[in-house]
Amino acid sequence: MLKKITNSIWKLNLDSNMYFLEVEQKILIDTGSRMKRELLKMFLPKMIALDKIEKVIFTHLHYDHIGNADLFPNAKFFASKQEIKDFRENPELTVLNADILAKSGLQKIELKPIVDMNGLKVINTPGHTRGSICLWYEKEKVLFTGDTFFSGNLRSSPTAGKSCLDHLCLGRTDLPTSIDTEMKNSIEKLRKLDFKIVCPGHDY
Ligand SMILES: [Zn+2]
């Protein structure tokens, strides 16, 4: 369940994927599904104590990516400016699950607008949600795609090579904060990047 991707990146695959990065700071990308909370608590500490996570970056704020935000008491939390704006205007429509929204404590957490940091470049990729981002770790040529791209029928993960984008599934763009018309532009942005490994938000 916990898999080494590169020298500084580990993947925890529990329905939704989480990525732990040791890059200057200890960073977690997404916090997974609440339904898999016990497994998260069992596996992630094999790599790092939960209270040692310094930053949590959300690719977007759907319930299956923010579900365990309350497990990281010492982290600072980041999402895109647009995603934070949508969340403030309508938390339930942004998260898509009122129960998990309440349990995650997300409304009590200070969400900071993300900028490039710790070698991670932020790529704004509106489509699946207006405020969705991908993160590009140029140093190891890794692209974190959130729900913009799923593994689709490739199954093997991480998926390697730039051309693999052609085989991946695109995230849904019919959800309350989706913006269907932007998806094409977002994909074009990603194609211009130099990466060898894709780390998607889900393996299905
Ligand atoms: Zn999503």
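Of the 49 residues in the largest nonpolar core of this predicted model, those that touch the most other members are Ile-29, Val-56, Ile-57, Leu-135, Val-142, Leu-143 and Phe-144. Strand 9, residues 133-137, gives the most to this core, with five residues. A nonpolar core here is a set of buried Ala, Val, Leu, Ile, Met, Phe, Trp, Tyr and Cys residues joined through C-beta atoms within 7 Å. A residue counts as buried if 20 or more other C-beta atoms lie within 10 Å of its own, as exposed if 12 or fewer do, and as partly exposed in between, with the C-beta atoms placed from the backbone. In soluble globular proteins, nonpolar side chains tend to be buried together.

Two remarks on reading the model belong here. Residues are numbered from 1 along each chain as its sequence is written. Because the model is predicted, local features need pLDDT of at least 70 and side-chain atom pairs count only at pLDDT 80 or more, while totals for chains, interfaces and linings use all residues.

Contact means that the C-beta atoms of two residues, placed from the backbone, lie within 7 Å.

Seen as a whole, the protein chain has six helices and 14 strands, which are DSSP runs numbered from the N terminus (helices H or I, at least four residues; strands E, at least two). The radius of gyration of the chain is 15 Å, close to the 17 Å that the globule rule gives for 204 residues, so the chain is as compact as a globular protein of that length. That radius is taken over C-alpha atoms, and the rule is 2.2 Å times the number of residues to the power 0.38. Of the 204 residues, 46% count as buried, and residues 24 or more positions apart account for 62% of the contacts with a separation of 6 or more.

Helix 3, residues 81-89, has the buried residues Glu-83, Ile-84, Asp-86 and Phe-87. They lie on the same side of the helix because they cover an arc of only 160 degrees around the axis, the arc being that of the directions from the helix axis to the C-beta atoms. The face turned away from this buried side carries the exposed residues Arg-88 and Glu-89, whereas the buried residues pack against strand 6 (76-79), helix 4 (91-95) and strand 7.

Strand 7, residues 111-113, contains Lys-112, which counts as partly exposed because it has 14 C-beta neighbours inside 10 Å. Leaving aside neighbours within four places in sequence, Lys-112 is in contact with Lys-76, Phe-77 and Phe-78.

Gly-171, in the loop between strand 13 (169-170) and helix 6 (183-191), is buried because 26 other C-beta atoms lie within 10 Å. Asp-15, in the loop between strand 2 (9-14) and strand 3 (16-23), has a phi near 75 degrees, a positive value in a residue other than glycine. Glu-24, in the loop between strand 3 and strand 4 (25-29), also has a positive phi, of about 70 degrees, although it is not a glycine. Asp-15 is partly exposed, with 15 other C-beta atoms within 10 Å, and Glu-24 counts as partly exposed with 13 C-beta neighbours inside 10 Å.
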